[in-house]
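Welcome! Please take a moment with the sequence and the 3D view, and then read the short briefing that follows.

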Amino acid sequence: MVESSIGGVVPAVKGSVRVGVKEEGGGSVRDEGETEWELDRELLCPICMQIIKDAFLTSCGHSFCYMCIITHLHNKSDCPCCSHYLTTSQLYPNFLLDKLLKKTSARQISKTASPVEQFRLSLEQGCDVSVKELDALLSMLSERKRKLEQEEAERNMQILLDFLQMLRKQKVDELNEVQHDLQYIKEDISAVERHRIDLYRARDRYSMKLRMLADDPIGKKPWSSSTDRNFGGLFSTSRNAPGGLPTGNLTYKRVEGKAQISSPGPHRKDTSTSELNSQHMSQSGLAVVRKKRVNAQFNDLQECYLQKRRLLANKSHVKEEKDIDDVKREGYSAGLEDFQSVLSTFTRYSRLRVIAELRHGDLFHSANIVSSIEFDRDDELFATAGVSRRIKVFDFSSVVNEPADVHCPVVEMSTRSKLSCLSWNKYTKNHIASSDYDGIVTVWDVTTRQSVMEYEEHEKRAWSVDFSRTDPSMLVSGSDDCKVKVWCTKQEASVLNIDMKANICCVKYNPGSGVHIAVGSADHHIHYYDLRNTSQPVHIFSGHRKAVSYVKFLSNNELASASTDSTLRLWDVKENLPIRTLRGHTNEKNFVGLTVNNEFLACGSETNEVFVYHKAISKPVTWHRFGSPDVDDADEDAGSYFISAVCWKSDSPTMLAANSQGTIKVLVLAA
């Protein structure tokens, strides 16, 4: 064979058996694998460095793959090995090399092939096999097949058995859990029925006493005097209750009560009976409505009940002194007591009722957006701030009780930049902090209408500011410059700085600690810090899919967060665990507000609606859509309005809500 040029060596050495062949004259042992390797090198195409396929020989004596040399000659007219002038007419088929290649390929296949494949090749090549040998082979193959099938069946049975055992274990666990749940339910049904019977008996006793007093002519006068006392106590309670009814309603009830008392005895009896009947009908209707609410949220309520019942099933019930009932609830478990509180609170309200409304600015003006709205320490005043560059302070009782088209603020303070957030000092009533789009954090004295302190260390827009509940001189702020800064009203510079990797959207002090803060960031996480060691957060809460726009504490251990992924999430900052995800509103790009109290959360929506959630239920309790008689619902811009700020009035059912039009409403949860 003509000598060929050798290129790169294929870096795959096949391990072969060393066969010692003793040469004549006591020569050395030659490695058969080495000989085969050298032979393989001679069979490589110098162009593609693979085993030659469809070998062609050049006039200069070199062999190539046909396609390789043809492709080369389309670009150049020389031999790739010796650079001799070459054209396609000087190429000739190399039949001998093709034959050798086929034999080499067959030999390599036979070496690497399985015994069955080798046997098949032998038969194809005409190997003589007797019938007896074939019968023996068939018998052997049949036995081998049965053995393999048996092993395969055993493996399949083992897999099936493992699956069934796992399934049985899972179902047994589920059955045990269901049995425990049924036991809890059975115990709770018995306890509730006993308590219900006690209530019925107590009601019958009270009804009998009322009938006896109404029928006793001697007891008319004492009955009237006692009624006066009862009504008087009722009115004083209603008058002092937070978020109570307006004075007009109270006067109406007082006059109605006097009319009933001054009327003759028989007429009083008829009136009392009709009132009892109407009251019974209204109570029945209310019960039907509340039952419908339970059915609508049955799955969430079921999950809440079982979670609380299982959690407290094995814990001893610690009795607390509660001035709520004279009836003793014997047999009540802590979990049932807790769930009943959730159920009664959840079903108590079905709507948000508007009790007052005011305008923050001119209609259709872009500077009307209210970015923040907050009650003061005593819930007597509330302040608003936004892109209008003004902090306006209103008297809440005046807004609610004095009907007017335009309510004037009792205090108004101008700022140099658009405002993003407000925070009242919970100890110093007249101090309020603000953050603005220039990154300036300001502490204001509402009484003097002057700034007490101004901090200008933030390099970009400051989104959030919050006063500490435990130390009235401390406040914290977060900014687009990716920094959290802690300030003291007694110092002119920040006392602490936390550098983060993403924009800060919100910050909040833990109400029970002066050293723990929650930070919501554009990195989709909530970072919970101990200010005594800010090198790393105590915990990072993950779950939101977009920027975290608000963080608020329901209690010392419960944290709520809002995000532009249209969800609210509850977290346990003590155990560092997620609790629940709340869905129903729409929030994809704007700051729509978040406010919390002990039981409820409220937030805005980009559909111009306010949504209220109970913390134990993942779906909304109710919602209220903002509307304006001055705006046509068909207007193209009407769909662009959104709720921009919300705030509860402490733990009462009353809240404030503002939207991007500058409309502020006082809403109250109602049945």
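**A hairpin and its surroundings**

In the hairpin of strand 18 and strand 19, four residues lie between the strands, and H524 takes a positive phi near 80 degrees. This is a predicted model, in which local features need pLDDT of at least 70, side-chain atom pairs count only at pLDDT 80 or more, and totals for chains, interfaces and linings use all residues. Residues are numbered from 1 along each chain as its sequence is written, and side-chain values use heavy atoms, leaving out hydrogens and water.

**Strand partners**

- Strands here are DSSP runs (E, at least two residues) and helices are too (H or I, at least four), numbered from the N terminus.
- Strand 18 (residues 516-521) pairs with strand 19 in the antiparallel sense over five bridges; pairing requires at least two DSSP bridges between two strands.
- Strand 20 (residues 539-541) also pairs with strand 19 in the antiparallel sense, over three bridges.
- Y528 stands opposite A518 of strand 18, and its bridge partner in strand 20 is H539.

**Inside strand 19**

- Five of the five residues of strand 19 (residues 526-530) are buried, so the strand is largely enclosed by the rest of the structure.
- Buried means under 20% relative accessible area (1.4 Å probe, protein chains only).
- I526, Y528 and D530 point one way, while H527 and Y529 point the other way.
- In a regular strand, side chains alternate between the two faces of the sheet.

**Helix 2**

- C68, I69, I70, H72 and L73 are buried in helix 2 (residues 66-75).
- Strand 2 (63-65) and strand 3 (91-93) are among what covers these buried residues.

Note on methods
Buried means under 20% relative accessible area, exposed over 50%, partly exposed in between (1.4 Å probe, protein chains only). Contact means heavy atoms within 4.5 Å.
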